[in-house]
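Dear colleague,

I am passing on to you the structure below, together with some notes on what was found in it. Please read them with the model open beside you.

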Amino acid sequence: MITAQSPPQLPTLAPPPRKLNPPRRRRSVPPPKDRKQPAALLPAMCGIALVLSGDRLLVVPSAAASGSSEIRNSGEGKGVSVDELKEALRRRGPDSLGCERLQFHADGTILGCEGCNGEGKHGCSASDGAVAELLFVGATLHLRGTEPVVQPLMSNSGNVLVYNGEIYGGIHIADDENDTQSLFSSLESCCSCDCHSQDKDTACSCCGGVGKSVPQILSTIKGPWALIYWQAGSCYDYRVSTLLDIHLSNNTATLNFQMDSNIIWFGRDAFGRRSLLVHWPTADDPRFILSSVSPPSSFARYQSAPKENGLPSDLDMSDNTTASYWEELPCGIYSIHLKGFIKNSKEDCIVEVRKHEWANSSLIKLIKWERKQIVPTVENSSVDKGNHRFSQSPMNPREAEENTNNRVVNRDIASDFSLSAANCITQSAHRVLVALRESVMLRTKMNALFQGGPNKLSDEELAPIAVLFSGGLDSMILAALLDKCIDARWTIDLLNVSFDGQLAPDRISAIAGQRELQRISPLRRWRLVEIDTALTDLKRESEHVMSLIHPSNTYMDLNIGIALWLAAGGDGWVDGSACHLQDGAHYKYKSTSRVLIVGSGADEQCAGYGRHRTKYRLGGWNALDNEMRLDVQRIWKRNMGRDDRCISDHGKEARFPFLDENVIQTLLDIPLWEIAKLDEPVGKGDKKILREVARLLGLQEAALQPKRAIQFGSRIARESNRKNFGSNRAANQASAGSVQIHQHTP
């Protein structure tokens, strides 16, 4: 057990009473120089959680602080239990489960304890006199490396990290470290003084001009992430002798630190590619909780409960009119400062959550999602080495659109533009192809696969990476690129789900897509996994998925969630004759792939939805651009958290190559009229740039595939409409896709 104390000044120290070896602390960062670390470690996907509780402590969004005058008694009430949290997280990270618990006492003492199997409710023995408590939980899925890395990580200076994500750039990753270890080392070096409260991207004078803030570090990360970080004190403080003394006795180490921070940092990346839910304190459950996923119990208790606290929020947490135990945490970086509470823990304290600005200009530009070339004009048709440019006096896009009367231009001008456009779009498609290939390559590097358990597979039997596969344009492009990025000896599993057997549109296109992939890459083993089921057979599974999609709560969310959850499970049948496997036998198969490549983000960025065509028809190019920007900026709330939770529930990690930062920027740099040409028919003008990419890959048939959402291509929407509304017609009249589940009784 470790005790961290914050004295007001440096005392006169007495020597330790006797010399003992200190208790062994795992997960110490940075590792000793002489310790040899496992080579070639990849980030491990995790389920993470934080539980903050206290008798006199209430955490509120900043706008709620002035209106909250009462501190409610602590206790779990009707809320989720820690054991339920751990069970739900363990499904995401089946290889290891770790806990760290910090207890705050009225005298300023902080007691630390690790382990999840102790006597107390939170995994270690409770201590009398604690006024507040932090519990960190991390469940890990190991994807590569010779040794597992257990979370939470805890350093000698008292900092704690639970991290769920991958780092593809922005922070240097040494050969002997994984992403979490490298990030922890970077966070340890952060300055913790108040100079960074304004989040300015400047060096701090009190740290010798070299200290960076936590938001500055997190803003540099390229890749998906969600994290919770306890900053007890910075590495700079630690190195300047903030360690006051050590006393050892009875297997307990007492470390006295001068800790200046006591800040909880948490957040998720700018596009919400990893899930993080928040529970705000209520009368029934006054704890502040963060979690990657919602346990079934919390969903069942709160799915239709009225609001109790009525706390306002400036964080735009939810549009729902009914209360929800959990809410999607909006993208961003947040902090809770506990320094004042720890110094005055005998008094009631309301602590505000502070939201920080991103501290990276390139990322801020990407978030704004602003395209320079939106409306085609005469000036836009001039080409210089394949790069489009405006004339010296470009026409304002809105003015240009008005002059062309919503796409109606002089026929001679349109003809001239068409002549140059064909060559330009091919060159633009090459740029997109290069960016996508690099994105897939970054997400599929596996030098040394982690293989837990006694069963080791040969290279020929390995299928470490699978594709969520409909046979449509996006999944075909990703499958073809994956073929170019991984070991030629490995099999690629193509996971396809159907609620109408061989008759579902996605099953038909998947079979055709497998044949086309075999044509362009005949030496690769392409294994199409046919996952067939009926909605009527999924009562228990549907209830489980409802907890996973929570706080999303519409029939459309549920249909998509069930389809994704079944596909990620990979439990289906394989036609050996079509796949050239198992001597042509038709056999049962369950995919063991731990990484799942998903095409999310393609439709939002390349005008793939029907509403994009409607906006273009009614409002022209600017209206189309505005709708696409809206889709990208709300993808965290509509799609990404839900999809991450449904896929990760099987101990699989979803990766989204179309949402790579470089891919997003590359698509933004291309004129909108080369991205899509919605005057042309469905299957030709929508996602025009990606259709050209498919042709460059040799996927001629896939380049003509129309857009089909998974709920329609798999036909789960049709089955759901019949079950819950009686017929498709009745469902359409009721706008079934947007109907909240608890508001409709079949």
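Helix α12 (residues 539–549) packs against helix α17 (residues 635–648) at an angle of about 135 degrees, and their axes lie 8 Å apart; here the axes are lines fitted to C-alpha atoms over the stretch in contact, with angles running from 0 to 180 degrees between N-to-C directions. That angle makes α12 oblique to α17, given that under 35 degrees counts as roughly parallel, over 145 as roughly antiparallel, 65 to 115 as roughly perpendicular and the rest as oblique. The contact (heavy atoms within 4.5 Å) is formed by Val545, Leu548 and Ile549 of α12 with Arg642, Arg645 and Cys646 of α17.

This is a predicted model, in which local features need pLDDT of at least 70 and side-chain atom pairs count only at pLDDT 80 or more, while totals for chains, interfaces and linings use all residues. Residues are numbered from 1 along each chain as its sequence is written, and side-chain values use heavy atoms, with hydrogens and water left out.

The protein has 23 helices and 26 strands, which are DSSP runs numbered from the N terminus (helices H or I, at least four residues; strands E, at least two). Of its 746 residues, 58% count as buried, that is, under 20% relative accessible area with a 1.4 Å probe and protein chains only, where exposed is over 50% and partly exposed lies in between.

A nonpolar core is a set of buried Ala, Val, Leu, Ile, Met, Phe, Trp, Tyr and Cys residues joined through side-chain atoms within 4.5 Å. In the largest one, which has 149 residues, Leu183, Leu187, Ile689 and Leu690 touch the most other members. Helix α13 (residues 555–569) gives the most to this core, with 10 residues, and at least three residues come from each of domain 1 (41–64 + 79–114 + 128–192 + 212–234 + 260–300 + 325–368) and domain 2 (421–445 + 459–738), the bounds being from an automatic or database domain assignment. A second, separate core of 35 residues includes Val162, Ala232, Val278 and Phe341.

Leaving aside residues up to four places away in sequence, the residues that Ile689 touches include Ile425, Val432, Cys606 and Leu667.

Finally, Glu661 is found in helix α18 (residues 661–668) and is buried, with a relative accessible area of 10%. Not counting residues up to four places away in sequence, Glu661 touches Ile221, Lys222, Gly223, Arg273 and Leu366.

With best regards
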